[in-house]
Amino acid sequence: MNRICPSCFGLVKAKNADGPCDACRTLPANVKVNSNSNMFYRQEREDFLNSRRNDAVLFAYSGGLDSTVALSQLIEECKSRSITVIPFTIDYGFKGKETWKNISQVIDFLHQNDKYFVYDISSESVSILASPSAKNESMKVFDFYKSCVKEGVLPCGAMCNSIIDWAFQRILKNYNDEYLITGGDTPKRNTKGIYSIFWETHGFTVVRAGAAFGNTKNKNRQYILEHNIPWNDPGCGGYDTDCLLPGAVFYALVQGRAEHSLEETAASFPVLMEYFSERVRLGVIERNDALESLLHYDLPSLESIREIDELCGR
Ligand SMILES: [Zn+2]
């Protein structure tokens, strides 16, 4: 039986009887994004933006909470440096009506209509190595995501990343750039073992603006209210605020039951424990809020379920 780490929610092997998990024990000092003493991410951010004066930067706008706040902050920071922010959204067919409404309202509110674009990949054919049916086949992006819902497979992670990264690569090539800014909320540990806002991925570098601005989930919700940003929680569930897929798959897996014990969650959804423990450890989510989320699952609204059923022809 695994024990749960008293600092985060990481699972601890039984032989380590007391104390925190390995990840908490070996966490370097000052890596929390919400720590006031942490100037490292801020310095990385300043250096990056200063290197792009009088230039343009691409921002992958998902339409979710973190992404919306980061975009608003980035536009402010870029003004004084004469940097043009070019926000764009990748359309793969499953964002949902409420998210598109948020995107349209926010882009309008931030006066980005003249530069913003949608990159539609939903009817593109891609070769999906890890399709849920485990066939190495070429299929349309929309059909791939539809098959994930039908087969109850969460596409988040390697499968989804391979599709989205492929789209990012093409966009960056069009703009002759190798940096892409996202709303990413956690810093990433690089090959030197240092936590950084820069994440070198498939042929390009992601600049994780949520971490760069020291944002947390609570700060983000507060920011939306304080700045009167026309963004509403889309109610899509699945601990997500810009996509119908995780909520829909999750809803089917738990058969609509929201309440669970921590032991049940640890046994059935270790991926949830990992998601929250990483964010608690890095100061993005408060421990009590994470605990609440692990006991009471974020299920989609009836509207979201209806919409995904329609999209999947059910
Ligand atoms: Zn821990």
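Predicted model: local features only at pLDDT ≥ 70, side-chain atom pairs only at ≥ 80, totals over all residues.
Six strands build it, in the order E5-E4-E3-E8-E12-E11. The sheet is open and its pairing is mixed. Strand E5 (117–120) and strand E11 (198–200) stand at the edges. Each has a single partner strand, so one side of each is left without a neighbour in the sheet. From one strand to the next, the twist averages 35 degrees.

Two pairings can be followed in detail. Strands of a sheet pair through backbone hydrogen bonds, either parallel or antiparallel. E3 and E4 take the parallel sense, over five bridges. Here Ala60 stands opposite Phe88 in E4. Strand E8 (residues 179–182) and strand E12 (residues 205–208) also pair in the parallel sense, over four bridges. In that pair, Ile181 faces Val207 of E12 as its opposite residue.

Helix H3 packs on this sheet. H3 touches strand E3 (56–60), strand E4 (84–91) and E8. The direction of H3 makes about 155 degrees with that of E4. How covered is E3? Four of its five residues are buried, so the strand is mostly covered.

H3 has a helical partner too. Two packed helices are described by the angle between their axes and the distance between the axes. For helix H3 (residues 65–79) and helix H8 (residues 217–226), the angle is about 60 degrees and the axes are 10 Å apart. That angle makes H3 oblique to H8. The crossing of H3 past H8 is left-handed. Which residues make the contact between H3 and H8? From H3 come Leu65, Asp66 and Val69. They meet Asn220, Tyr223 and Ile224 in H8. By class, the residues of this contact divide into four nonpolar, one polar and one charged.

The axes of helix H11 (residues 270–281) and H12 come within 10 Å. They cross at roughly 170 degrees. An angle over 145 degrees counts as roughly antiparallel, and that is how H11 runs relative to H12. H11 contributes Leu272, Phe276, Arg279 and Val280 to the contact. H12 contributes Arg287, Ala290, Ser293 and Leu294. The residues of the contact of H11 with H12 split into five nonpolar, one polar and two charged.

Now follow the chain past H12. Asp298 sits in the loop between helix H12 (287–295) and helix H13 (302–311). Is Asp298 buried, exposed or partly exposed? There are 18 other C-beta atoms within 10 Å, so Asp298 is partly exposed. Leaving aside residues up to four places away in sequence, Asp298 touches Gly237, Gly238, Tyr239 and Ser293. Ser293 also belongs to the H12 side of the contact with H11. Trp231 is 67 residues from Asp298 along the chain, and their C-alpha atoms are separated by 19 Å.

Finally, go back towards the start of the chain. Pro28 lies in the loop between helix H1 (22–25) and helix H2 (40–51). Pro28 counts as exposed because it has 9 C-beta neighbours inside 10 Å; the limit for exposed is 12 or fewer. How far apart in space are Pro28 and Tyr195? They are 167 residues apart in sequence, yet 8.7 Å apart in space, C-alpha to C-alpha.

Methods
Residues numbered from 1 in each chain as written. Axes fitted to C-alpha atoms, helices over the stretch in contact; angles between N-to-C directions. Helix = DSSP H or I, 4+ residues; strand = E, 2+ residues; numbered from the N terminus. Parallel < 35°, antiparallel > 145°, perpendicular 65-115°, else oblique. Left-handed = near helix turned anticlockwise from the far one by under 90°. Contact = placed C-beta atoms within 7 Å. Nonpolar A, V, L, I, M, F, W, Y, C, P; charged D, E, K, R; others polar. Buried ≥ 20, exposed ≤ 12 C-beta atoms within 10 Å, placed from the backbone. Pairing = 2+ DSSP bridges.
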